[in-house]
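Here is a short briefing for a first look. Please keep the sequence and the 3D view open as you read.

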Amino acid sequence: MTAPAPPPGPGVAPPFAAPPTEGRRTRLWIGLGVGALAILLCCGGGGAAVVGLAVSGVQAIREQGRTVTGDYYQALVDRNYGRAYDQLCDDAQRRESRPEFERRAAAEPQVTTFRVGEVDTTNLTVPVDVTLSGGGRERQQVTLGQDGQTGSMEVCGVS
């Protein structure tokens, strides 16, 4: 058996198209560039989302901490000790009953004005500048905690 004869001379069409030889590197670099851009956008967008969530979480803690601290001290200024007691975390409420808290708060020098400082999100503390009846001034440190059921911030102690 012999091999088939070659096709007749010039002008005969080859059985398949030859692959292109020019522009191969250009297409490769364009494809790699588009792929890298897609990866950068996906990863960069995800990274930006994580950073955004972290920043908004910290800002939410600051806002809640300042709000609950302000509500606690405003209740003391208003001499509404039951409302102040409601701002306390479960541990603080276990250490002192509502009637005990109300008696103690009424017997201590009364808060007349206060200014809430910035929340330390690392230690969950808030400095509060307090003016007491009689004109005395002091800086108190409020320790915050997060309620396990509602996730809201609560006052866990004042020193």
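Does Q110 count as buried or exposed? With a relative accessibility of 9%, Q110 falls under the 20% cut-off and therefore counts as buried. The model is predicted.

**The chain as a whole**
- The chain holds 4 helices and 4 strands.
- Read from the N terminus, the order of elements is α-α-α-α-β-β-β-β.
- The chain has 159 residues, and 25% of them are buried.
- Take the contacts between residues at least 6 apart in sequence: 39% of these join residues at least 24 apart.

**Around Q110**
- Q110 sits in the loop that runs between α4 (98-107) and β1 (111-116).
- Its side chain makes a polar contact of 2.4 Å with the side chain of Y81.
- The Q110 side chain also reaches the backbone oxygen of E108, at 2.9 Å.
- Beyond its neighbours within four places in sequence, Q110 is in contact with several residues, including L76, R79, A105 and T131.
- L132 and S133 are also among these contacts of Q110.

**The disulfide**
- The structure has 1 disulfide.
- C89 and C156 form the bond, with their sulfur atoms 2.4 Å apart.
- This pair links distant parts of the chain, 67 residues apart.
- C89 lies in the loop between α2 (81-86) and α3 (90-95), while C156 belongs to strand β4 (residues 153-158).
- C89 is buried, at a relative accessible area of 5%.

Notes: Residues numbered from 1 in each chain as written. Predicted model: local features only at pLDDT ≥ 70, side-chain atom pairs only at ≥ 80, totals over all residues. Heavy atoms only, no water. Helix = DSSP H or I, 4+ residues; strand = E, 2+ residues; numbered from the N terminus. Buried < 20%, exposed > 50% of the residue type's maximum accessible area, 1.4 Å probe, protein only. Polar contact = N/O pair within 3.5 Å; in protein donor to acceptor, adjacent residues only side chain to side chain. Contact = heavy atoms within 4.5 Å. Disulfide = S-S within 2.5 Å.
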